[in-house]
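Subject: A structure to look through

Dear colleague,

I am passing on a structure that I would like you to read alongside these notes. Please keep it open while you go through them.

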Amino acid sequence: MPVPAKPTKPTKTEDRTPIKVVADNRRARHEYEILETVEAGLALSGTEVKAIRQGKANLQDSFARIEDNEIWLYRCHISPYDFGNRFNHDPLRKRRLLMHRRQINKLKAQTQEKGLALIPLKLYFKGNWAKIDLALARGKQLYDKRQSIAKRENQRQIERIIKHRR
């Protein structure tokens, strides 16, 4: 007698939602040592969402700061929407990030104790929601950057040698 198959658990909706990366802060990975990353939502106005969908966002030199138990994103440049009239947004305004209270308290404790910074790594849409990846990061010194560059160059040389031996 055949054994009936076990019903499979449906996957979470989060696993199936497509992710569309809008802006990436590549310089942050060079300037900072990334210790931990967290995902946060963004509180945006209507024209900001439309401008981000057009790909007009820039995370260079932006950072996050915790004030009054809320996380704020500073210096994130979102260009004005082309077809937005007088209701267009200020490109460099501070924007609130949406996270759970426990997560905010944890990040606040870590940034105060160890002298770490909150640096945005990438801005993306997860389904219809604008999200941002925040990194808990420590600034690199010049010699740290040199070590990273040397390590990367050595890895490239090793890969070239392996490729040519085949």
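This is a predicted model: local features need pLDDT of at least 70, side-chain atom pairs count only at pLDDT 80 or more; totals for chains, interfaces and linings use all residues.

The largest pocket holds about 290 Å³ of space, and among its 15 lining residues the closest to its centre are Gly-41, Leu-42, Leu-98, Ala-130 and Lys-131. A pocket here is found on a 1 Å grid over the protein atoms alone, as an open set of points where a 1.4 Å probe fits, with protein on both sides within 12 Å along at least five of seven lines, and a lining residue has an atom within 4 Å of a point. The volume is the space filled by probe spheres set on the points, which are joined across faces, edges and corners. Strand E2 gives the most to this lining, with 4 residues. By type, the lining divides into 9 nonpolar, 4 polar and 2 charged residues, where Ala, Val, Leu, Ile, Met, Phe, Trp, Tyr, Cys and Pro count as nonpolar, Asp, Glu, Lys and Arg as charged, and the others, Gly among them, as polar.

The strands

Helices (H or I, at least four residues) and strands (E, at least two) are DSSP runs numbered from the N terminus, and two strands pair if DSSP finds at least two bridges between them. Strand E2, residues 32-42, pairs with strand E9, residues 129-139, in the antiparallel sense over 9 bridges, and in this pairing Val-38 stands opposite Leu-134. Strand E9 is also joined by 9 bridges to strand E8, residues 117-126, again in an antiparallel run; here Leu-123 has Ile-132 as its bridge partner, and Leu-118 stands opposite Leu-136. The hairpin of E8 and E9 has 2 residues between the strands, and in it Gly-127 takes a positive phi near 70°. Strand E8 pairs with E1 as well, in the antiparallel sense over 5 bridges, with Ala-23 opposite Leu-123.

The core and the buried residues

Strand E8 is mostly covered, since 8 of its 10 residues are buried, and buried means under 20% relative accessible area, whereas exposed means over 50% and partly exposed lies in between (1.4 Å probe, protein chains only). The largest nonpolar core has 28 residues, and those with the most contacts inside it are Ile-71, Leu-97, Leu-107, Leu-123 and Ile-132. Strand E9 gives the most to this core, with 4 residues. Such a core is a set of buried Ala, Val, Leu, Ile, Met, Phe, Trp, Tyr and Cys residues joined through side-chain atoms within 4.5 Å. In soluble globular proteins, nonpolar side chains tend to be buried together.

Lys-126, in strand E8, counts as buried because its relative accessibility is 18%, and its side chain makes a polar contact with the side chain of Glu-39 at 3.4 Å. A polar contact is a pair of N or O atoms within 3.5 Å; within protein, one must be able to donate a hydrogen and the other to accept it, and residues adjacent in sequence count only if both atoms are side-chain atoms. Glu-48, found in helix H3, is buried with a relative accessible area of 0%, and a polar atom of the Glu-48 side chain lies 2.8 Å from the backbone nitrogen of Ser-45.

Two loops

Most residues other than glycine have a negative phi. Cys-76 lies in the loop between E5 and E6 and is buried, with a relative accessible area of 2%.

With best wishes

Terms used: Residues are numbered from 1 along each chain as its sequence is written. Side-chain values use heavy atoms; hydrogens and water are left out.
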